[in-house]
Amino acid sequence: MPDREGASGLRLSHVAIRHEDRVLIDLSAHVAPGHVLTVMGPSGSGKSTLLAYIGGFLDPAFHASGDVLADGISLSGLPPEQRRAGILFQDPLLFPHMSVGENVAFAIPAEVRLSAERQKIAAAILSEIELDGFAGRDPATLSGGQKARVALARVLVSRPRLLLLDEPFSKLDADLRAQMRSLVFVRARSAGLPVLLVTHDAADAEAAGGAVHRLGQRGDADA
Ligand SMILES: Nc1ncnc2c1ncn2[C@@H]1O[C@H](COP(=O)(O)OP(=O)(O)OP(=O)(O)O)[C@@H](O)[C@H]1O
């Protein structure tokens, strides 16, 4: 996809989100492939609401306008499953009734039909995130850092167009947080994925290395 007019990556075009008479979000932004836009703001400022709008699961209590484009494709009219937004939350949200390998394989697009091929893809990504041999494990037996890496693997195999990060590092202790930040941003860069990160933590923004938009400010942000 050409980048001539900034068509590639993620573009928020005059996105405005209101709740009753309060304007939570008023933002235009472009996030180039492999780059990160960090959105910061205090609790209740609308960070998760912005991600819900982009992901296609905004609560109808909000009124939203403006368009979201990924690689020039408008996502606004699409159901969440067709938007292909990979999302990481504070909690890894692994399915407890599935093994680690099944959790990852579940996210592989349906066009990969053969079970053996799905298992191969899951095993390869687990190896890349240094969880070789973990496919058969029960997620409940993993550490917090290991669960976070499985959640990342699950998002990566889903072939997302973009990544939405909702404070995914905040529950990890300091060492793991630094490792996980680096893993996520390096993988996003190598996959050419535009990333929108929402966080309270200035160290997250610094590690992301891109532009920072503070909620409560109107205007444009590019990363
Ligand atoms: N379903 C809903 N109906 C009405 N108001 C809501 C709903 N969900 C959230 N809100 C309100 O919308 C505002 C934005 O919430 P949001 O969760 O986006 O904030 P946030 O910046 O992500 O906060 P935090 O950092 O605490 O997660 C808050 O004032 C919240 O109370």
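Start by selecting helix α1, residues 47–55: with three residues, helix α1 gives the most to the shell around the ligand. Helices here are DSSP runs of H or I with at least four residues, strands are runs of E with at least two, and both are numbered from the N terminus. Residues are numbered from 1 along each chain as its sequence is written. The model is predicted, so local features need pLDDT of at least 70 and side-chain atom pairs count only at pLDDT 80 or more, while totals for chains, interfaces and linings use all residues.

Next, show the whole ligand shell. Select H19, L24, G41, S43, G44, S45, G46, K47, S48, T49, D59 and A61. Colour by class: two are nonpolar, eight polar and two charged. Nonpolar covers Ala, Val, Leu, Ile, Met, Phe, Trp, Tyr, Cys and Pro; charged covers Asp, Glu, Lys and Arg; the others, Gly among them, are polar.

Domain 1 is 1–84 + 162–223, and domain 2 is 96–159. These bounds come from an automatic or database domain assignment. The C-alpha centres of the two domains are 25 Å apart. Ten residues of domain 1 and nine of domain 2 make the contact, with C-beta atoms, placed from the backbone, within 7 Å.

Pick helix α6, residues 174–191. On the side of domain 1 that touches domain 2, helix α6 supplies the largest share, five residues. That side has seven nonpolar, no polar and three charged residues.

Finally, colour by pLDDT, the predictor's per-residue confidence from 0 to 100. The chain averages 93, and 96% of the residues score at least 70. Strand β10 (219–222) has the lowest mean, 71, and strand β7 (162–166) the highest, 98. The model scores ipTM 0.94 and pTM 0.93.

Terms used. A residue is near a molecule or strand if its C-beta atom, placed from the backbone, lies within 6 Å of it. Two residues are in contact if their C-beta atoms, placed from the backbone, lie within 7 Å.
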